[in-house]
Amino acid sequence: MNWFVKTCAVIIVACSSLAYAGEAQPLAQDPLVETRLNAISENLRCLVCQNETLAASRSDLAEDLRREVRHLIEAGKSDKEIIEFLVSRYGDYVLYNPPFKTTTVLLWVGPFVLLAGGIIGLIVFLRRRSRQGLVDEEDAEPVLETVVVPAVDKRPTGRWLVLLMLAIIPLGGALVYLKVGNPAALDPARAKAGPDPEVMVARLAAKLEANPNDAQGWQLLARAYLVMNRPADAVKAYNRILPEIKKNPDLMGDYVEALAGSGDMAGARTWINKALQLDAKNPKIIFLAGGLAFEQGNFPEAIRYWEKALKLVEPNSKEAQFIQENIAEAKSRIK
Amino acid sequence: MKRFWWFLIPLLAFAVLVFFLARGLTKDPGYVPSPLVGKPAPTFDLPQLQNPKLTFAPEDLKGRVWLLNVWASWCVSCRAEHPVLIDFARSHPDIPLIGLDYKDQRPDALNWLKQHGNPYVLSAFDADGRVGIDYGVYGVPETYVIDQAGVIRYKHVGPLTPEVVQTLIDPLLKGLTP
């Protein structure tokens with residue numbers, strides 16, 4: 001089995017810290033955190049520019065709040081806890097979907113009460129009109145007479161009209177809701193399950209097709225594909241930002257990983273050499289070079305690379321342990 | 001005649017609608033009611049602006065009624081509010097006025113106080129705005145009245161004006177201090 005496919009997710013997790021050992025890890029590097037952040041902040045209001053979501057706003061406060069939400073996600077808080085954190089500070093106002101409670105009853109129930117009232121009013125009105133047409137035709141006012149008379153002639157139509165309206169209004173409402181609403185939200189089990197990474201990634205991909213110059217977006221999408229074990233899609237995403245990749249050895253490393261994972265070993269080798277020329281001291285790239293050598297069956301070479309990488313990471317760290325495991329594996333293959 | 005009353009119903013409904021819409025127009029859409037009023041003031045421990053070696057925590061003022069005013073040197077409305085705070089500090093020597101310098105640069109903030117006068121007993125320095133988030137700050141300036149038990153009794157968003165001090169803060173302070 002392909003070494004890259006096997007260790008792909010591990011590489012991503014281990015290497016994102018490998019590559020940035022020594023400096024603060026940029027927060028945008030973990031695509032799953034980013035997708036969750038997006039899903040959460042999509043439903044929160046930016047308090048400065050109130051018609052924008054927290055996800056869309058570029059205001060300073062929105063950025064601070066996104067940073068805060070990111071910290072909470074990384075601290076392992078659930079979506080519910082994160083939303084509670086914000087509500088306890090800013091009130092229900094931060095929610096685009098206000099919760100159902102005593103102060104919001106009118107908001108939630110009002111439209112239905114109005115609708116019911118309207119229907120009842122309509123029934124009463126139509127009934128009365130048809131009855132009047134029968135009984136007190138003579139004392140109806142002349143102006144209303146003209147309205148009343150047709151009802152007398154075709155009395156059954158009035159009833160049918162009511163029934164038709166009664167059927168059409170809720171049916172129409174339901175159809176419109178299915179078309180423009182979010183029926184999945186009605187199911188509490190599904191609503192609670194949180195954002196589906198597949199859906200989030202698909203949404204990100206669609207956004208990028210509309211706005212293809214967003215290099216950071218492509219980078220994020222590609223990393224998400226790598227985590228989801230879709231290296232071929234990751235390669236496609238990376239291909240959109242080749243000029244960026246050429247300047248950035250870390251990105252090159254990711255690209256190599258995607259190429260190798262999708263089976264393009266020749267491409268991976270070309271790019272790893274470019275990356276080594278650009279930054280010979282980057283532990284992630286050296287580690288990947290070892291992976292490529294391992295993949296070719298050149299175990300001594302792999303061990304050489306990995307031992308070099310081992311010197312560049314912090315001793316006894318998770319990364320170091322992971323590299324040592326790989327070295328041990330390569331050594332066992334030589335024997 | 002009875003029919004006539006029926007026609008009044010839509011008219012009445014319309015009047016109710018107009019009433020609520022008209023009321024809505026008089027409200028400030030930027031005002032966000034704070035869930036923190038009536039709750040203990042969030043705790044923090046921040047370095048002081050003038051003396052970074054010293055810190056300030058709300059617990060330091062337990063047992064006293066005090067004001068926390070969120071400000072910043074980059075905040076234009078704070079400049080408008082400033083004379084009101086200077087007046088307040090002068091006329092309320094028994095109420096500590098504490099500043100929370102929000103997302104500011106230390107030299108800028110110190111310069112600002114030098115230029116405009118310093119109404120604060122001290123200012124806590126919230127460089128990255130995290131304490132601001134705990135206090136639900138979304139627009140500087142904001143002012144909190146905190147009682148002896150450390151509970152937030154009132155939050156004012158936007159610059160304090162002499163009217164706000166006279167009609168809202170003074171009566172509240174009178175009620176809180178024996």
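Reply:

Lys103(B) and Asp64(A) join their side chains in a salt bridge, with N and O 2.5 Å apart. The term salt bridge covers a side-chain nitrogen of Lys or Arg within 4 Å of a carboxyl oxygen of Asp or Glu. In general, side chains of opposite charge can pair when their charged atoms come close.

The model is predicted, so local features need pLDDT of at least 70 and side-chain atom pairs count only at pLDDT 80 or more, while totals for chains, interfaces and linings use all residues. Residues are numbered from 1 along each chain as its sequence is written, chains are lettered from A and ligands numbered from 1 in the order in which they are written, and side-chain values use heavy atoms, with hydrogens and water left out.

**The surrounding interface**

Between chain B and chain A there are three salt bridges. The two chains also share five residue pairs in polar contact, both residues being at pLDDT 80 or more. On the side of chain B that touches chain A, the elements giving two or more residues are α1 and α4 of chain B, and α4(B) supplies the largest share, four residues. A polar contact is a pair of N or O atoms within 3.5 Å; within protein, one must be able to donate a hydrogen and the other to accept it, and residues adjacent in sequence count only if both atoms are side-chain atoms. Helices (H or I, at least four residues) and strands (E, at least two) are DSSP runs, numbered from the N terminus.

Contact, defined as heavy atoms within 4.5 Å, involves 19 residues of chain B and 22 residues of chain A. The area buried between the chains is about 1,800 Å², and carbon and sulfur atoms give 50% of this area. Buried area here is the accessible area (1.4 Å probe) that two parts lose on being put together, summed over both.

**Salt bridges in chain A**

Over all chains, the count of salt bridges is 20. One of them pairs Arg223(A) with Asp254(A), whose closest N and O atoms are 2.8 Å apart. This pair links distant parts of the chain, with Arg223(A) in helix α10 and Asp254(A) in helix α13 (residues 249–261), 31 residues apart. Both partners are buried: Arg223(A) has a relative accessible area of 5%, and Asp254(A) one of 3%. Buried means under 20% relative accessible area, exposed over 50%, and partly exposed in between (1.4 Å probe, protein chains only).

Helix α10 of chain A is also one of the elements against which the buried residues of α2(A) pack, together with α3 (60–74), α4 (79–90) and α9 (197–210). Eight of the 11 residues of α2(A) (residues 31–41) are buried, so this helix is largely enclosed by the rest of the structure. Among them are Val33(A), Glu34(A), Leu37(A) and Ile40(A).

Two further salt bridges lie within single helices. Arg304(A) meets Glu301(A) at 2.9 Å, N to O; these residues are three apart in helix α16 (residues 299–312) of chain A, and are therefore separated by about one helical turn. Arg304(A) is exposed at 54% relative accessibility, whereas Glu301(A) is partly exposed at 23%.

Glu329(A) and Arg333(A) likewise form a salt bridge, their closest N and O atoms being 2.9 Å apart. The two are four residues apart in helix α17 (residues 318–334) of chain A, and are therefore about one helical turn from each other. Glu329(A) is partly exposed at 30%, as is Arg333(A) at 41%.
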